[in-house]
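Student: I've got the structure open and want to go through a few residues with you. Can we take them one at a time?

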Amino acid sequence: MNILIVGLGEVGSYLAKVLSTEGHSITVVDPDRDRIRRVADLLDVQAVHGDGSRPDVLDRAEAHSADLLLAVTNDDKVNMLTTLFGKRMGAKKTVLRLHDTSAVRRSRTFFRKNLHYDLLLSLDDLAAEEIVKIVRQSQALGVENFAEGKVQMRRFKLAAGAPFVGQLVKDIRIPPGMLITAIDRDHEVIVPGGSDDLREDDEVFVLGEPKAIATFERRIGEKKAPARNVVVFGAAGIAQQVCQSLQREHVGVRVIVEERQAAERLSEVLKGVVVLHADATDLNFLREERVGDADAFLGVSSEDERNLMSCQLSRNLGVPRTVALVQKPDYVSLYQQLGIDIAVSPRLLCANRILAFVRSRSISSIATIEEGKAEVLELEVQAGSPLVGKALKDAGFPRGCVVAAVTREDGQVVIPRGDDELRAQDQMVVFALNTVVDSVLDLAGVERD
């Protein structure tokens with residue numbers, strides 16, 4: 001692929017390094033000559049000096065011939081203009097990175113149509129989603145979130161003697177609001193029909209609403225006690241998003257904020273959350289607040305070193321799980337060596353999400369299963385598409401795929417059945433085996449990259 005990367009911060013530099021070693025033709029753009037020089041000296045890339053939001057700079061970078069344009073600078077306005085101009089100049093696919101997505105969330109269709117991006121990524125959103133996923137993950141082997149967390153995919157392993165082992169899929173009482181989308185059996189992925197059975201050691205993929213999946217989880221066996229008491233350190237957007245998400249999961253949350261004004265602001269925004277104005281590295285304070293009794297401690301401030309120190313102190317007080325936010329990707333392995341259970345790097349999450357799109361061969365892919373044997377796709381039903389007005393059972397989807405969820409334009413999420421009709425602007429979450437992905441994309445009118 002011809003890939004144009006605009007912005008050589010930590011995300012852009014990491015992507016340039018990985019994608020160039022995978023054989024892609026890479027062009028990089030940045031206004032900082034030192035960054036350009038460092039990347040050009042180390043990697044086999046074409047380098048263009050300048051502001052990527054200017055059409056003349058994009059023209060010199062040959063945006064018209066780009067298969068994929070990645071707007072990943074640290075400036076939201078630059079990224080938006082880069083995406084808009086790049087697409088209009090001929091770039092086939094565009095990825096837009098934003099820090100603040102609040103306006104976009106309120107008017108998603110408007111921004112998508114006018115900025116012409118194919119994928120929107122926010123470091124804060126990705127980090128908050130990952131941290132909440134870590135906290136609530138219990139016996140599930142893996143958790144993926146779609147449609148802003150309203151839809152989840154979880155993977156469970158069936159132990160010997162577990163409920164449902166030996167039963168046919170059609171005979172299993174599946175809670176409303178979820179579907180069994182696939183079975184991983186000896187590293188072979190199967191999209192089951194009603195006559196398929198479940199067997200010992202099967203890994204079962206289910207997709208649907210979080211509450212429905214939680215009900216299914218209780219039915220398949222003894223569940224580990226979920227986190228019910230979490231302490232969060234931080235006042236930035238990530239901390240607020242994490243607290244709000246955990247509240248929706250009925251998790252008790254206390255948040256430590258070191259600046260008084262930030263503490264007062266959070267106490268107004270986070271109703272029902274205990275906001276503590278204190279030093280998160282004060283051992284006496286942590287003891288007085290019985291932080292050691294918490295199920296998890298999350299260090300998600302903007303300062304890596306204080307996240308590390310507060311997590312270490314909490315671990316020493318007896319907290320069983322500590323999660324630290326790491327702004328510098330190189331620190332991730334170091335944190336784990338120092339005893340932090342999980343280090344979350346927003347920049348690595350963003351870069352790896354983009355890499356998944358590139359490696360899956362389709363910008364529509366939002367997750368890959370078993371090293372590409374299956375994909376989860378997010379597809380929009382275009383106005384005028386032959387799918388509009390058709391019931392799912394009559395839409396012509398091939399065997400080997402499941403339309404697992406549909407998000408309506410008004411934000412409503414539907415876990416569809418065969419009689420449900422598709423509408424224009426519906427966002428479908430589709431689980432598909434690799435062998436039928438091309439057919440699914442053709443049916444939806446999506447071009448392969």
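Student: Is Arg290 buried or exposed?

Tutor: Keep in mind that this is a predicted model. Arg290 sits in the loop between α11 (283-288) and β15 (296-299). The cut-off for exposed is over 50% relative accessible area. Because Arg290 comes out at 55% relative accessibility, Arg290 counts as exposed.

Student: What value does phi of Arg290 take?

Tutor: Most residues other than glycine have a negative phi. Arg290 isn't a glycine, yet its phi is positive, near 55°.

Student: And His116, which loop is that in, and what is its phi near?

Tutor: You'll find His116 in the loop between α6 (108-115) and β6 (119-122). With 28% relative accessibility, His116 counts as partly exposed. Here too the residue is not a glycine and phi is positive, with a value near 60°.

Student: Let's go to Ser314. Is that one buried or exposed?

Tutor: Ser314 belongs to helix α12, which covers residues 304-316. Buried means under 20% relative accessible area. Ser314 has a relative accessible area of 0%, so the word for Ser314 is buried.

Student: Which residues is Ser314 in contact with, leaving aside its neighbours within four places in sequence?

Tutor: Contact means heavy atoms within 4.5 Å. With those sequence neighbours set aside, the partners of Ser314 are Val291, Phe297 and Val319.

Student: Where is Val48, and what is its relative accessibility?

Tutor: Look in strand β3, residues 46-49, for Val48. Val48 counts as buried, since its relative accessibility is 9%.

Student: What separates the C-alpha atoms of Val48 and Ser345?

Tutor: Along the chain, Val48 and Ser345 are 297 residues apart.

Student: Last one: which residues gather in the patch of negative charge on the surface?

Tutor: Start from Glu200, in the loop between β10 (188-190) and β11 (203-208). Patches take residues with over 30% relative accessible area and no salt bridge. Glu200 counts as partly exposed because its relative accessibility is 47%. The residues that gather in this negative surface patch are Asp186, Glu188, Glu200 and Asp201.

Technical notes
Residues are numbered from 1 along each chain as its sequence is written. This is a predicted model: local features need pLDDT of at least 70, side-chain atom pairs count only at pLDDT 80 or more; totals for chains, interfaces and linings use all residues. Side-chain values use heavy atoms; hydrogens and water are left out. Patches are made of residues with over 30% relative accessible area and no salt bridge: like charges are joined within 9 Å, nonpolar side chains (Val, Leu, Ile, Met, Phe, Trp, Tyr) within 5 Å. Accessible areas come from the Shrake-Rupley method with a 1.4 Å probe; for residues, only the protein chains shown count as cover. A salt bridge is a side-chain nitrogen of Lys or Arg within 4 Å of a carboxyl oxygen of Asp or Glu. Lys and Arg count as positive and Asp and Glu as negative; His and the chain ends are not counted. The place of a charge is taken as NZ of Lys, CZ of Arg, CG of Asp or CD of Glu. Helices (H or I, at least four residues) and strands (E, at least two) are DSSP runs, numbered from the N terminus. Buried means under 20% relative accessible area, exposed over 50%, partly exposed in between (1.4 Å probe, protein chains only).
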